[in-house]
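Reader: I'd like to learn how to read salt bridges and a chain interface in a model like this. Could you walk me through it?

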Amino acid sequence: MPDASILDIRDVTKRFGGVTAVNRCSLALTPGKIYGLIGPNGSGKTTLFNCVTGIEPRDEGEIRFKGERIDGLKPHQVARRGIGRTFQIIRVFPELTALENLLVVTREPFETARRKAQELLKFVTLERLQHEYAGNLSYGQQKLLEFIRVLMTDPELILLDEPAAGVNRTLLNELLAAIARLRDQGKTILIVEHDMKVVMGLCEAVFVLDYGEKIAEGPPGVIQTDERVIEAYFGR
Amino acid sequence: MTSVQITGTMLFQLVVSGLLAGGLYALVALGLSLIFGVMRVINIAHGTLLMLGAYTTYWLFALAGMNPFVSLVVSIPILFVVGAILQKLFVHRVVNAPELSSLLLTFGISIFIANVAMLAWSADYRSVEFLTGSFLLGPIALSKPRLVSFCVALALTGLAFVFLHRTKTGKAIRATSQHRDVAQVCGINVRRIDLITFGLGAALAGAGGSLVSVMFAVYPEMGQVYVFKSFLVIVLGGAGNYPGAFFGGLLLGLVEGLASLFLTAQLSEVIAYILLVIVLLVRPTGLLGGRA
Amino acid sequence: MSPMVGALSLLLVILAGLAVLPFFGSGYVVSFSIQVFMWMALAGSWNLISGFTGYVSFGHVAFFGVGAYTGALLITKAGWHWLLAGLAGSLPAAALALVIGYPCLRLKGPYFAIAMLGLNEVVRALVSYFEGFTGGGSGVSLPPILSIVPVYYAMGAVAMAVTLLTYRIITCQFGLRLLSIREDEMAAEVMGINTARLKLYAFLLSAVFPGIVGGFYAWYASHVEPLSVFPLLTTITMIIMCLFGGKGTVFGPVLGAGLLSVFQELVWARFLFVHQAIFGALIVGVVLLMPRGILGVLQERYRLPRTI
């Protein structure tokens, strides 16, 4: 039932020169679920994120969000339709304060935005550091800041690129709980993650990429035993 | 404008003299391209280094009567050393900084050197009157100094390519310009490569200056026009694409030569600019394709 | 709140002093002040695009030059009052910013800087080319100016307007968004910020004031020619003033323009023949030793708010 999907990627291909980074990839996400996107390094996960968010326009195929084509849109247009993302390498605005990092992205009136920003900072226990330059925060703190910055705009679909990397255990558990809560609020989440425990514990379905192609999809338990997946990860 | 019949001969003449000028652009631009490719630094002082090369040749010619083309063996090493010193003292500190730093820094160096040159040698126009006259090739006249300069420029460019492709250092320079971090991880001493590259870039500018001196006047501000032109050449050829710089140089010479048929020198500058912006927007990797 | 009140009253005292200065100061002082105001406005304008978004406008003097020619021509050929002619200098500057900014602001890093450098050369070439209209290389001469005091107030008002606008921008979301472009343009895009449009707005604002300043300058200097109103050196001077004071701050360009103008007057005038070399050394010094500028350093060390 393609109409029910919030994100529908169909036969998307992206090439860089002679290299095909994403090859006729199709995946569909149903609203209100957490999905995992896994695969070995260089299998095209981040490129696929970039295609969806408009950073690197796809060469072929269609991308639909809530039934409407979004391939060909500029990144800010994609974002305003309700897709938020984080990056594998942190991209906070280092010389803006933590609070400013949040305020800068919203389109709401200043006072409501400020209240919301402070709630979010409290939510990840960064409220004491709100006037600190983001560049002065620790790696994990920046990661959290980037995560709540996505939430500032209330996106319906959230793409997280390796949210768990570099975050300590305590913070990680809170982060995972937060992601689960977002799902309960009806948001759809697609996570690129190498930490299999995170993927298995959180995701309802997993897509596996290898050399830019989708080689498997299904519930985490099934995926784990899929031969092609094991082959992709452990060599052939 | 009076109606002048454009004949085939005239056109051919312009193409030839355009290409002759282009060979020189290619040589000078290759120097700028190397520095830009390896360090992402736009060396605004490139034209000033060219001026130093021209003065080297001028003084050797005026004081010792040295053949200007032979004087290359002096101007090239001198400028290499000057470049390496500038790199060692100043430029290395802005290699990873935003472009504003390197633009301003090299501009500061440029006006400093130009000012000192003016104090030392005055702002007078000087000329190296070595080769005069033209070779006549049927109806085509080839100015002797331009033709010889072109051939020498070509030979030097060729030598530079041989160096870049055949020697270990040359390969290291190319590797660094392709992937600085990877080169570093592979055991290339990037700081040393920067030093050699800036020296080499300066030496190419200096060689260009020596060759320019037999064609045009030598004075402290003579190099300014070459900075923008060289950058245009890089863009035409594609940043980081060194053979591209060569063809870009020839192309710029050709375009300028043909533009002079229809436009004044001022308007051909406008054309060159529009060309620059269009290429940057439409084919940021250069007409010949390079790495963005 | 008391340091705020202190700073504010200091500011008011300075402004009051400047307002009555022409009644007490000599012609030299007034004339010098006009130049300081001019540099404050120019450095502040450059700050609006380059200090905030990080896009290095390396040909910003083009807007000044276009304004200067517009002012000069409107005064001499159309008989306009200098004040109106000067203000009108903003229009072609804005138009130029729009036409050039729309394509060129897509260029990244050094490519944008070089495109802007080229723009200035092109405008200068065009002005020289249309000789019949612009007087070519010899330029346009204006009627001699009888009193420079009105120019003093006009130029001062522009400098103040630029500074107030900078303050206004920095305290609203537009300013934050411009900063986010400087910090990480792609992340800003992905967060839904229309960076292309914001850059163009900032570029427009940063072009308008040099246009006006150029118009007033034409009247003040009584003569404009391509060499005097399009030099790369003017661009560099506004950049270095902004950098020295602190780019991305409100009072950085004001401070930098003030200090360097005084420096210029005191030192360069005495060493006429080496002043370019001194300036070159100064540029190298500022870039290498204090790229954040005076206010940038203070801001970081004492955690001052962004609005200084």
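Author: Gladly! This is a predicted model, so let's begin with one residue and its surroundings. C:Arg182 is partly exposed, with a relative accessible area of 24%.

Reader: Which side chain does C:Arg182 meet in a salt bridge?

Author: The partner is A:Glu95, at 3.7 Å from N to O. This pair crosses between chains: A:Glu95 sits in the loop between strand S6 (83-85) and helix H3 (98-103) of chain A, while C:Arg182 belongs to helix H9 (residues 173-190) of chain C. A:Glu95 is partly exposed too, with a relative accessible area of 31%.

Reader: How many salt bridges does the rule find across the interface of chain A and chain C?

Author: Three. A search of the whole structure, over all chains, gives 28.

Reader: What does a salt bridge within one chain look like here?

Author: Take A:Asp11 and A:Arg24, whose side chains meet at 3.8 Å, N to O. A:Asp11 is partly exposed at 35% relative accessible area, whereas A:Arg24 is exposed at 53%.

Reader: And A:Lys116, is that residue buried or exposed?

Author: Buried: its relative accessibility is 17%, and the cut-off for buried is under 20%. The side chain of A:Lys116 forms a salt bridge with that of A:Asp154 (3.2 Å, N to O). A:Asp154 is in the loop between helix H5 (139-152) and strand S7 (157-161) of chain A, and A:Lys116 is in helix H4 (residues 110-123), so this pair ties together parts 38 residues apart in sequence. A:Asp154 itself is partly exposed, at 46%.
Salt bridges can also share partners, and that is how A:Arg58, A:Glu62, A:Arg64, A:Arg69 and A:Asp71 are joined into one network.

Reader: Back to the interface, then. How should I read its size?

Author: The size of an interface is often given as the accessible area lost when the parts come together. Between chain A and chain C the buried area is about 2200 Å², with carbon and sulfur atoms giving 55% of it. In residues, 25 of chain A are in contact with 21 of chain C. There are also nine residue pairs in polar contact between these chains.

Reader: Which element gives the largest share of the side of chain A that touches chain C?

Author: H2(A), with four residues. Helix H2 (75-81), H3 and H5 of chain A each give two or more residues to that side. By class, the side of chain A that touches chain C holds 12 nonpolar, four polar and nine charged residues.

Methods:
Residues are numbered from 1 along each chain as its sequence is written. Chains are lettered from A and ligands numbered from 1 in the order in which they are written. This is a predicted model: local features need pLDDT of at least 70, side-chain atom pairs count only at pLDDT 80 or more; totals for chains, interfaces and linings use all residues. Side-chain values use heavy atoms; hydrogens and water are left out. A salt bridge is a side-chain nitrogen of Lys or Arg within 4 Å of a carboxyl oxygen of Asp or Glu. Buried means under 20% relative accessible area, exposed over 50%, partly exposed in between (1.4 Å probe, protein chains only). Contact means heavy atoms within 4.5 Å. Buried area is the accessible area (1.4 Å probe) that two parts lose on being put together, summed over both. A polar contact is a pair of N or O atoms within 3.5 Å; within protein, one must be able to donate a hydrogen and the other to accept it, and residues adjacent in sequence count only if both atoms are side-chain atoms. Ala, Val, Leu, Ile, Met, Phe, Trp, Tyr, Cys and Pro count as nonpolar, Asp, Glu, Lys and Arg as charged, and the others, Gly among them, as polar.
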